Amino acid sequence: STRGNLSRILIGVTSDQTCVVLRGRLQVLKDAGFDVTVVSSPGDWLDSITRAENAIAAPISMRRAFSFAADLLAFLRLCRLIARLRPEIVDFSTPKCGLLGSVAAWVMRVPRRVYTLRGLRLESSHGLQRWILWLAERTSCSCAHVVVCNSTSLREAALRLGIAPRRKLVLLGQGSTNGVDTERFSPGKSDVRRRFAIPEDAPVIGFVGRLTRHKGIPELMEAFRKVERRHPDAWLLLTGWFDDSEDALDEASRRAIENHPRVVLSGRVDDPVPFYRAMDVFALPTHREGFPNAALEAASCGLPVITTDVTGARNAVVDGVSGFLVPMGDTDAIADKLLQLIADETLRCKLGRNARQWAMDGYERRKILALVVDFYRRLLSEKESGSRNDAGNHAASANPAHLGEVGDVG
């Protein structure tokens, strides 16, 4: 199960776009003596990130939506990949790969099975779809020895919804699976305003991410219209793209964004840092998160963050200290906080400084990734201290409590 003296780990996500959340992690694991393979649907992100971080890419097509034939084929390919690699550890995340990968790893009897919970789509679903998503999450957690939650509120939601028992749920540090590179994401100069003809003295409200309903884009546009009435010189900088997912924006919403004279639509960007640096305030009126990387990056860039008091997002702001929490869907509250920060430069700068300090203290990437490496090493040492046959049972009962030393497991 090793190549030379390297312990093999297989990390999996559904979409190649999601590989961006693994940036930094793969190289650190390589440096720590792991042989790292990443499986996701084929795409440029999978290729570029594995190449940059000396990991092995294993492309397997997986659809986000249910498709019996496509899902069965992906499952069989995952089983075959696991049989060929014989990894010591698997770590799957995102709903589809989490489900297919975790079941495949259980069938193939991988000795250490981790499911990383990055968010709960079921929280913004209803009816039959919600039940199906709950069942999928419950199955993924059941097949795993350990479930890593990337925020305290996500762990609380998992407990509340009954998708996993308390003994399986682990939180590394204060949350976030990858932390933030605080040297790269830092205050500084930017040419973005010049590139998009935004006046240097104009107030700029910013957003980074997929432009979808569940990210709160319709609410952000409505709040921006309210801000405009008081500040007709304000701009909205949307750093992201229209995602053709199940929560895609309707055609009218897209046209309203594209046709607004002071809404800048960047499209997908490889480096969001100059865009953060062009903003005065960061807004994320999301409906659900695991732990929002964009809010963490914005804080690290010295921006006050306004986000919603929902799972995951509420852990990305210290309310009144690094930004503000508002009720989900409340466009008046979003607009009020935006207007407060635009009008009060002293408060804006103070919250921005606090936000950067908060990011550096709790979420600096090297600290978070050191916890990740320690977590995997502890999994291996637990295996080596017992027989291979009883490793699974031992992990399910003993590991999370023991691993609690690297984080809070309650």
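Author: A residue is called buried when its relative accessible area is under 20%, exposed when that area is over 50%, and partly exposed in between. The structure shown is a predicted model. In helix α4, the residues that are buried are K96, C97, G98, L100, G101, S102, A104 and A105.

Reader: What do the buried residues of α4 pack against?

Author: They pack against β2 (6-12), α3 (68-85), β5 (89-93), β6 and α5. Contact here requires heavy atoms within 4.5 Å.

Reader: How do you know that the span of α4 is close to the one expected?

Author: Helix α4 covers residues 95-107, which gives 13 residues. The expected span is 1.5 Å times one less than the number of residues. For α4 the expectation is 18 Å, and the helix reaches 18 Å from its first C-alpha to its last.

Reader: Why is R109 called exposed?

Author: The relative accessible area of R109 is 52%. The cut-off for exposed is over 50%, and R109 is therefore exposed.

Reader: Which other residue has a positive phi although it is not a glycine, and where does it lie?

Author: S176 has a positive phi of about 75° and is not a glycine. Its place is the loop between β8 and α7 (192-195).

Reader: Is S176 buried or exposed, and what makes it so?

Author: S176 has 4% relative accessibility. Buried means under 20%, so S176 counts as buried.

Reader: Which residues of helix α6 are buried, and what covers them?

Author: In α6 (residues 152-161), the buried residues are S153, L154, R155, A157, A158 and L161. Their cover includes β6 (112-117), α5 (127-143), β7 (146-149) and β8 (169-171). Just after α6 comes G162, with a positive phi of about 70°.

Reader: Which residues form a nonpolar patch on the surface?

Author: The patch is formed by F66, F68, L72 and L76, which together have about 490 Å² of accessible area. Of these, L76 has its place in helix α3.

Reader: Why is L76 called partly exposed?

Author: The relative accessibility of L76 is 48%. Partly exposed is the range between the buried limit of 20% and the exposed limit of 50%, so L76 counts as partly exposed.

Reader: What makes T50 buried, and where is its place?

Author: T50 is in helix α2 (residues 44-52). Its relative accessibility is 4%, and buried means under 20%, so T50 counts as buried. Leaving aside neighbours within four places in sequence, T50 is in contact with L26, V38, A55, I56 and A57.

Reader: Why is E228 called buried?

Author: E228 has a relative accessible area of 16%. That value is set against the limit of under 20%, and E228 is therefore buried. E228 lies in helix α8 (residues 217-230). Apart from neighbours within four places in sequence, its contacts are H260 and R262.

Reader: What is the relative accessibility of G216, and how is this residue classed?

Author: G216 has 0% relative accessibility and so counts as buried. Its place is the loop between β9 (204-211) and α8. With neighbours within four places in sequence left aside, G216 is in contact with P285, T286 and H287.

Conventions: Residues numbered from 1 in each chain as written. Predicted model: local features only at pLDDT ≥ 70, side-chain atom pairs only at ≥ 80, totals over all residues. Heavy atoms only, no water. Buried < 20%, exposed > 50% of the residue type's maximum accessible area, 1.4 Å probe, protein only. Helix = DSSP H or I, 4+ residues; strand = E, 2+ residues; numbered from the N terminus. Patch = residues over 30% accessible without salt bridge, like charges linked within 9 Å, V, L, I, M, F, W, Y side chains within 5 Å. Areas by Shrake-Rupley, 256 points an atom, 1.4 Å probe, with all protein chains shown as cover. Salt bridge = Lys/Arg side-chain N within 4 Å of Asp/Glu carboxyl O.
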